[in-house]
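Hi everyone, thanks for making time. I'd like to walk you through one structure and talk about its side chains and its strands. Let me put it on the screen.

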Amino acid sequence: MRIKKILIGTVAAGGIGLASLGAGAGVASAAPTAVASHQQTQNHEQIGYSSPSRPTAAPGPVRRPDTRPFDFRGQRVTPQFSADHHGWGFWFFGFWVPLAL
């Protein structure tokens with residue numbers, strides 16, 4: 001009876017150990033792929049392969065003599081006054097671009 005108890009305990013401990021090792025190995029092997037993908041994206045942005053129609057940083061002020069609609073980087077924009085931003089400007093892909101009148 002004592003040998004049977006030792007054998008069952010050893011098998012149970014080994015099974016739990018192998019299960020935890022298997023789950024840890026799966027998570028660890030996924031991390032380098034995500035890091036490599038991020039590095040590849042970062043390298044493309046540094047080289048200048050990012051899409052020209054979607055800026056990665058907020059564009060600076062645009063000099064305009066008036067507030068009529070115009071084309072900005074291939075998009076038709078309509079300037080509007082915003083009290084929150086203290087002047088005229090327009091939204092461009094989530095960025096507020098002020099007008100320097």
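Let's begin with two phenylalanines: F70 and F90 are both buried. Keep in mind as we go that this is a predicted model.

What kind of pair do F70 and F90 form? It is an edge-to-face aromatic pair, with 5.5 Å from centre to centre and 85° between the planes. For anyone new to this, an aromatic ring pair is described by the distance of the centres and the angle of the planes. Now look at where the two partners sit: F70 belongs to strand β2 and F90 to strand β5, so their pairing ties together parts that are 20 residues apart in sequence.

There is another edge-to-face pair to show you, F81 with W88, at 6.0 Å between centres and 70° between planes. Are these two buried or exposed? F81 is exposed, with a relative accessible area of 53%, while W88 is partly exposed at 32%.

One aromatic cluster is formed by F70, F72, F90, F92 and F93.

Several of those names come back when we turn to the nonpolar core. Which residues make up the largest one? There are eight: V62, F70, F72, V77, F90, F92, V97 and L99. Three strands each supply at least two residues of this core, namely β2 (70-72), β5 (87-92) and β6 (95-100). If you click on V62 and ignore its neighbours within four places in sequence, you'll find it in contact with F70, F72, F90, V97, P98, L99 and A100.

On to the strands. Four of them make an open sheet in the order β1-β6-β5-β4, and the pairing is mixed. Which strands are at the edges? They are β1 (62-63) and β4 (80-82), each of which pairs on one side only. Strands β5 and β6 pair in the antiparallel sense, over four bridges. If you'd like a landmark there, W91 stands opposite W96 in β6.

Now for the charges. I'll start with R64, whose charged end sits over the ring of F70, 4.1 Å from the ring's centre. R64 also forms a salt bridge with D66, where the closest N and O atoms are 3.2 Å apart. How do D66 and R68 compare in accessibility? D66 counts as buried at 19% relative accessibility, because the cut-off for buried is under 20%. R68, by contrast, counts as exposed at 57%.

D71 is exposed at 56% relative accessible area, and R76 is exposed at 57%. Salt bridges with shared partners join R64, D66 and R68 into one network.

Let me finish by going back to F70. It is buried, it belongs to the largest nonpolar core, it is part of the aromatic cluster, and the charged end of R64 sits over its ring.

Terms used: Residues numbered from 1 in each chain as written. Predicted model: local features only at pLDDT ≥ 70, side-chain atom pairs only at ≥ 80, totals over all residues. Heavy atoms only, no water. Salt bridge = Lys/Arg side-chain N within 4 Å of Asp/Glu carboxyl O. Buried < 20%, exposed > 50% of the residue type's maximum accessible area, 1.4 Å probe, protein only. Core = buried A, V, L, I, M, F, W, Y, C linked by side-chain atoms within 4.5 Å. Contact = heavy atoms within 4.5 Å. Phe/Tyr/Trp six-rings, centres within 6.5 Å; stacked < 30°, edge-to-face > 60°. Lys NZ or Arg CZ within 6 Å of the ring centre and 35° of its normal. Pairing = 2+ DSSP bridges.
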